[in-house]
Amino acid sequence: MEAESFGELGASGLMGDSSDESDDLDECDSYGYEAIDRSCKIIYADQPNPLQSTPRVQVWLGGPDPLDFIRIYSNEGDLSKNIPPHWHFITFGFSDLYGDGRVHRREERGEPSGFGFELTLRVQRKVEDTVPPDWAPTLINKLARYVFHTGNVLHVGDHIPWHKPLDGESSCRIQHMLVAEDPQLLDLDTPYGTVEFRQLVGVMDEEIKAAQKWKGAGMLQLLKDSPDVGPFFVTDMARKESLFEKNPSLQAMVKDGIEKDGSNMGHVTAVFTWRLLKGESGDVTPKRSIKMKETGATPADNNNDNKENIVRDEDSDQEDDQHVEPVQDVQLCFDAEAAELLPMVVKARLKKGRFFIFRSADNHAVHLVPSTHEESVLVSDVQPMKAVGSDLQIFCTRALIEEMTEALDELQTVDEDISRYPKIFKFSSPSVQVAVYPRGHLSMPRKDNPSK
C-alpha cells in the first residue's frame, strides 16, 4: 500500500489554506463537497480558512493521489472531559464531491456516496505546536490508495495492522489502527448519496491483538474509557504504555469477552499459502475462479463479520463450469505471526460455528468451514476439502476442531528461536498439515496480475 506523500507542510502548492480551492467548484454542482464543508464549519466556525493538504496533481488529471484534499483543523479539546488539544484531519474524496463522474459513479440519494465515508484522524497537539504533523496526510493517503485500488471499504470496528510507527520515523509504539465513528461529525445525506465519518485511532500491538481476538467495538470502548485516549479517540504518538500494561485487569475482561462472544474477526490477510502434498502441482487451474467472500467483509487487512455467511461472487459462472476439485493431503503454511492467530480462530470462531478465511497477498485463500449447511459451501463429510483455483475450502469436523484446539495452543506466543522451525502439526480428519515458519522466512510467490 505504498503511496506518495501529499508533500511537506508549507511546500508550495501542497499545503495552504482552503481559500485557495479550485475554481472548478464554481463551474459544476458540488453538493457533496458543500455538505462536508458545512459540517466542518459547524464545528470550526472560528477557522474559516483551515490548513489544507492537496496533491500535486488531482487524480482525474492523472495524479497518483486519489483524494481531493485533507482539511486540518486545530481543536482545543476539553481537558475536563479528557479531550486533549489536537489536530483534526478530515478527508474530502472518498465520497462523491461533485456528482459529475470524474472520480465516482453518481448514486441516488440514500445510497452510499462513492465509498460511503470520509476518514478523519485526531493527533494530540502540544500547546506550542503551530504546524500539524506531515506524516498524518501521508498515512491517510496510503490508506486512500489502498481503498481506491481494492474497493475494500473501511467500517467502524475494523482493525488495520500496520506493523510500524504510524509516523514512519520514530520508534514509538503506536503502530496499528482501529476504525471508530468520528465523535463530532454527523452522517450526511447528500444528493449524491450518504456519507459517514470514520475515524482512525492509533493503537499498540497488544491493543490490536485484543481487537482481533475479541472484537473491535469492545476494544474501542476500552480506549474510550481510558484516560490515555478518551472519548474523542485522540492518537497520542508519545503514549508509552498500552491499556493492558496500565490496567492488567483489562486482560481478564477481554478473555471473558472472547469466551462469551467469540471473535468478530472473520478473515485476515496474512503471510500464508497452501499446497497439495500429493500430485503434480499445488495449483488447480479452473476455467473461472470462484471468489469466495464474506458478506459485509471489510478491510483488506481484516476483519469484521457483520453477516455470518460466505457467498459466491455474483459474477461467477455456474458450478459445473468452475472445475471444483476434491483434494487430499493439504499443507497450510503460515509465518509465525499469522500462526499466532490460529488458537483464536479455533476457539473463538470454529468452536462457535463460525467460519474463518486466511488470504494471502498473492490471492491464495483457505476457508475454514465448521458447518456444511450454507448453500455456497462446497465441502461435505464425504469430500471435506475442495479447491477452486487458489481458493481452498476445508470442512472442519468436530474431531478436527478438537485436535487443533489441543495441538495449536502453543502458537499463542511467537517463538523467536529460529532453530525450532519449521513447526509441523499433522491432523487426520481430514488429512491436513499446518506448517509454521519464522517471521520473514516463508517465501511467497508473486503474481504479475493478481485477481481482484
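This is a predicted model: local features need pLDDT of at least 70, side-chain atom pairs count only at pLDDT 80 or more; totals for chains, interfaces and linings use all residues.

**From one serine to the cores**

Leaving aside neighbours within four places in sequence, Ser242 is in contact with Arg173, Met204, Glu206 and Glu207. Where in the chain is Ser242 found? It is in the loop that lies between helix H4, residues 216-225, and helix H5, residues 243-246. Is this residue buried or exposed? The relative accessible area of Ser242 is 0%, and because the cut-off for a buried residue is under 20%, Ser242 counts as buried.

Let me now turn to the chain as a whole. The protein chain has nine helices and 21 strands. It comprises 452 residues, of which 54% count as buried. Its accessible surface comes to about 20,800 Å², and carbon and sulfur atoms account for 46% of that. If we take contacts between residues at least 6 apart in sequence, 71% of them join residues at least 24 apart.

I come next to the nonpolar cores. The largest of them has 40 residues, and Leu332, Phe334, Phe358, Leu392 and Ile394 have the most contacts inside it. Helix H8, residues 342-349, gives the most to this core, with five residues. Apart from this core lies another, of 30 residues, with Ile70, Trp87, Leu119 and Leu121 among them.

Finally, what does Ile394 touch? Not counting residues up to four places away in sequence, the partners of Ile394 include Leu332, Val366, Leu368, Val379, Met385 and Val432, and also His367 and Pro430. Thank you for your attention.

Methods
Residues are numbered from 1 along each chain as its sequence is written. Side-chain values use heavy atoms; hydrogens and water are left out. Helices (H or I, at least four residues) and strands (E, at least two) are DSSP runs, numbered from the N terminus. Buried means under 20% relative accessible area, exposed over 50%, partly exposed in between (1.4 Å probe, protein chains only). Contact means heavy atoms within 4.5 Å. Accessible areas come from the Shrake-Rupley method with a 1.4 Å probe; for residues, only the protein chains shown count as cover. A nonpolar core is a set of buried Ala, Val, Leu, Ile, Met, Phe, Trp, Tyr and Cys residues joined through side-chain atoms within 4.5 Å.
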